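Have the model open and follow along.

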Amino acid sequence: MFYVQGAAGFLPVNLTKWKKDETAVGYLTMEEAERHRERLQIPLEVIEQLAREPVRFGGGLRMKEKGACGLLYLLPEGQQAAYGRLAVFVRQNLFVLVEVSEGQERWKEQLLGILEGQSEEATLERVVYEYLDHFLQQGNHWLGQLEARILTMEHSLVEGAMDRNLNRDIFRLKCRLSMLKNYFGQFASIGALLRENENHMFWQEDFEYFKVFTDKAERLLGNTKMLCEDLIHVREALDAALDYNLNSIMKVFTVVTTVFLPLSLITGWYGMNFAHMPELTWRYGYIGVALLALAVVAACIFFFKWKKLL
């Protein structure tokens, strides 16, 4: 798919008929990019490097002699499948996307919808902005969902209804937020690079597009970092709640041990069986020792309640 800017906006043309001084936008497969790399002035080593680059959390653009190129790591719908990879090449009059990950038709359809919806005054800068901005449109929705889950966790902790899987859920949320942080971070760095216009790729009056885009990416990145901090507070609250429960259990064991300690002393005392222990021959010795044990237990319980330990 290749479009050239004309009097009526961007119109589809055959790549072989494209003149290098015409402003164009294209979406190619890896095979098409390799076949037309000389015409597009894309170095072979760049294509090979992008194809074999290992999957990581975030990509971005880097400046080359005649423009910028790089690799975007894109989140799939629902954030459940594997990362998608899309190579980007930007020059003064050229914006080319190369599909590194196969089976991502929605990226092509998105670009097609942008090109077909452009007016006669459409510019390359506007197309680049709208296409990159598309990948941030779900950002607030994703962060809103994660924020709601964090608030639910906090409410559960406040109410004392801790789920046994809460620690696992916190770990999963941490991974998701880390993924989003790198995802938005790559777009923030891309926007900053395009705004610098180091190789004079864009007209000065069109910089406002990339300023808006960069501000949006940085805002989403900042909100993601805030949610990361909120999640840290949830984890600290969970640890505090677990410590409190453990202390409560240990307090019960301490009280029980303290109550039975004098009883153990009494049983040990009267288990010595000395010949001249008067209580051994006393008629009411058994009942007396039993009442003494009950009195000790009652006194201990009264003392612990008085000290508000029970």
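Predicted model: local features only at pLDDT ≥ 70, side-chain atom pairs only at ≥ 80, totals over all residues.

**Two helices against α8**

Packed helix pairs are described by the angle between their axes and the distance between the axes. Let's start with helix α5 (residues 124-134) and helix α8 (residues 207-270), whose axes come within 9 Å and cross at roughly 15 degrees. An angle under 35 degrees counts as roughly parallel, so that is how α5 and α8 run relative to each other. The crossing of α5 past α8 is left-handed. On the α5 side, the contact uses E125, R126, V128, Y129, L132 and D133, while α8 brings in Y209, F210, V212, F213 and K216. Sorted by class, that contact holds 7 nonpolar and 4 charged residues, with no polar ones.

Now for helix α6 (residues 139-159), whose axis comes within 10 Å of the α8 axis. Here are the two pairs side by side.

| Helix pair | Axes come within | Crossing angle |
|---|---|---|
| α5 and α8 | 9 Å | roughly 15 degrees |
| α6 and α8 | 10 Å | roughly 15 degrees |

Helices α6 and α8 are therefore roughly parallel to each other too, and α6 also passes α8 in a left-handed crossing. From α6, the residues making the contact are G139, N140, L143, L146, E147, I150, M153, E154 and L157. Their partners on α8 are L220, N223, T224, L227, D230, L231, V234, A237 and L238.

**The aromatic rings**

How many aromatic pairs are there? The count comes to 11. Take Y131 and F135: their ring centres are 5.2 Å apart and their planes sit at 85 degrees, so this pair is edge-to-face. Both Y131 and F135 are buried.

F187 and F213 make another edge-to-face pair, at 6.1 Å centre to centre with 80 degrees between the planes. F187 belongs to helix α7 (residues 166-196) and F213 to helix α8, so the pair ties together parts that are 26 residues apart in sequence.

Zooming out, ring pairs link F95, Y131, F135, W142, Y183, F184, F187 and F213 into a cluster.

Which residues does Y131 touch, leaving aside neighbours within four places in sequence? The contacts are Y27, L86, F95, L97, W107, Q110, L111 and I114. L115 is 16 residues away from Y131 along the chain, and their C-alpha atoms are separated by 9.6 Å.

T224, over in helix α8, is buried as well, with a relative accessible area of 0%. Besides its neighbours within four places in sequence, T224 is in contact with L143, L177, L180, K181 and F184.

Finally, H36 is found in the loop between α1 (30-35) and α2 (37-40). Its relative accessible area is 16%, and buried means under 20%, so H36 counts as buried. Not counting residues up to four places away in sequence, H36 touches L15 and T16.

How values were computed:
Residues numbered from 1 in each chain as written. Heavy atoms only, no water. Axes fitted to C-alpha atoms, helices over the stretch in contact; angles between N-to-C directions. Helix = DSSP H or I, 4+ residues; strand = E, 2+ residues; numbered from the N terminus. Parallel < 35°, antiparallel > 145°, perpendicular 65-115°, else oblique. Left-handed = near helix turned anticlockwise from the far one by under 90°. Contact = heavy atoms within 4.5 Å. Nonpolar A, V, L, I, M, F, W, Y, C, P; charged D, E, K, R; others polar. Phe/Tyr/Trp six-rings, centres within 6.5 Å; stacked < 30°, edge-to-face > 60°. Buried < 20%, exposed > 50% of the residue type's maximum accessible area, 1.4 Å probe, protein only.
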